[in-house]
Amino acid sequence: MSFATSEFDELPDPADGREPPQAFQPPRRVLLGPGPSAVPPSVLEAMGRPMLGHLDPAFLGLMDEVQAMLRAAFRTGNDLTFPVSGSGSAGMECALANVLEPDDVALVAVSGAFGERMREIAGRCGARVETIGGTWGHPVEPEQVEEALREHPGAKAVCAVHAETSAGVWQPLEEIGDLCRSYGALFVVDAVASMGGIELDVDAWGIDVCYSGTQKCLSVPPGLAPITFSPKGLAAREGRVSGPPSTWYLDAALIGRYVGRERVYHHTAPVSMLYALHEGLRLVLDEGLEARWLRHQEVGGELLHALVERGFQPVAPPGYRLPQLACVWLPEGMDDAPARRRLLDEYGIEVGGGLGEFAGRVWRIGVMGASCTSQNVAQLSHALDQILGT
């Protein structure tokens, strides 16, 4: 058997005396983009602990502790609460693929790119999708949700993004949850960038399926998506009339048999990442949720003040601006990509550019989790002064 030549043929061969590849050493960065955020040393250390099998009793005990801490962070008593083995987008797909069936009506609140992603995935599940809102940077009002529920009686679910990082929008949820209960619809919430950063109360707000991501305000490396299903949300999965969801890997009923009491093998869990999540959640709960929310409010306020002083303007209207992620219009005359590259090359600071229709027009600057410090705001402010020539 012969193989075509490829770039792998150029790799050094120790036999010819050339040096083998060196270990990768990442540069030091101040992570102030929309994610990932900085990771505390103890979380990184946790990832280097000895490997266990994913069915080892000691590891299953750790999984139980992770689930308990997730319930505390979500503020829920839901039994089916676990970390999806995948990023926040895997959490989104797990949430929607389990509860939506072909021809279900899904009402999706859209204020930016991630609302649009929910709409896309709901459509791929076969649901008939109706958009509520749709203007980037503008939150969806409860009156708009109620109007949609009246127009579509029997709608299966209302879907919303709590922290729309593409536009910096803080979407209020409590009244929408009340409406979903009144009209009998499921309430599915994206909390990828809100969990651990701003108030989130799954049970009190009537949320039936809520998912998050580890790399934002939890300050754990990307790769896991905490998710929780209320009894009503789980019933929607178990009562499917069209058969099981098309996804096997993200089937919540199958995963529930692994993370629950049965311990039936489903997939090989990412053991080291779960060590990291355990430590990250321990730090979150040790700080206290309310204290953590306050820290994000205070430092986020410092950030927005510093940006406005330098000519940036927030996209979201007052009262709906995320403290942990500022999405701001660029000052007149600032060229997006060259300025961000200078921040990275000269000051080691990463910020995010705009997505979709905001590309080249906005920056997305995050102070999430361990990145949420006054020192980081001061360091960014100094760098911007140099770049802007002020």
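How many cavities of 30 Å³ or more does a search of the whole structure find? I ran that search and got three.

**Ground rules**

I am working on a predicted model, where local features need pLDDT of at least 70, side-chain atom pairs count only at pLDDT 80 or more, and totals for chains, interfaces and linings use all residues. I number residues from 1 along each chain as its sequence is written, and side-chain values use heavy atoms, with hydrogens and water left out.

**Whole chain**

I looked up the secondary structure and noted 12 helices and 15 strands for the protein chain. Helices (H or I, at least four residues) and strands (E, at least two) are DSSP runs, numbered from the N terminus. The C-alpha trace spans about 60 × 60 × 50 Å along its principal axes. A compact globule of 390 residues would have a radius of gyration near 21 Å, and the chain has 22 Å, which agrees. That radius is taken over C-alpha atoms, and the globule rule is 2.2 Å times the number of residues to the power 0.38. I have 54% of the 390 residues down as buried; buried means under 20% relative accessible area, exposed over 50%, partly exposed in between (1.4 Å probe, protein chains only).

**Cavities**

My terms here: on a 1 Å grid over the protein atoms alone, a cavity is a set of points where a 1.4 Å probe fits but cannot get out, while a pocket is an open set with protein on both sides within 12 Å along at least five of seven lines; lining residues have an atom within 4 Å of a point. Grid points are joined across faces, edges and corners, and a volume is the space filled by probe spheres set on the points.

The largest cavity holds about 50 Å³. Its lining is A109, V110, S111, G115, V140, A160, V161, E164, V169 and Q171. The elements giving two or more residues to that lining are β3 (105–110) and β5 (157–161). I sorted the lining into six nonpolar, three polar and one charged. For the classes, Ala, Val, Leu, Ile, Met, Phe, Trp, Tyr, Cys and Pro count as nonpolar, Asp, Glu, Lys and Arg as charged, and the others, Gly among them, as polar.

The second largest cavity comes to about 40 Å³. I find M63, P83, S85, I255, Y258, V259, H267, A269 and L274 around it. Helix α8 gives the largest share, three residues. This lining has seven nonpolar, two polar and no charged residues.

**Pockets**

I then turned to the open spaces. The largest pocket has about 530 Å³. It is lined by 19 residues, with R28, R29, L31, A38 and V39 nearest its centre. Both β1 (30–31) and α1 (41–47) supply at least two of the lining residues. By class I get 13 nonpolar, four polar and two charged.

The second largest pocket is about 340 Å³. Of its 16 lining residues, D79, L80, G256, G260 and R261 lie nearest the centre. Helix α8 gives the largest share, five residues. The classes here are five nonpolar, three polar and eight charged.

**Strands**

All six residues of β2 (80–85) are buried. I checked F82 in this strand: it is buried, with a relative accessible area of 0%. β2 pairs with β10 (224–229) in the antiparallel sense over six bridges, where two strands pair if DSSP finds at least two bridges between them. S85 has L224 as its bridge partner in β10.

In β12 (325–329), four of five residues are buried. β12 pairs with β15 (362–366), antiparallel, over five bridges, and C327 has R364 as its partner there. β11 (313–314) also pairs with β12 in the antiparallel sense, over two bridges.

α4 (113–124) has 12 residues and reaches 17 Å from first C-alpha to last, close to the 16 Å expected at 1.5 Å a residue; the expected span is 1.5 Å times one less than the number of residues. Its buried residues are A113, F114, G115, M118, I121 and A122. Just after α4, G126 takes a positive phi of about 95 degrees.

Last stop: V241, in the loop between α7 and α8. At 78% relative accessibility V241 counts as exposed. Its C-alpha is 9.7 Å from that of P102, 139 residues away along the chain.
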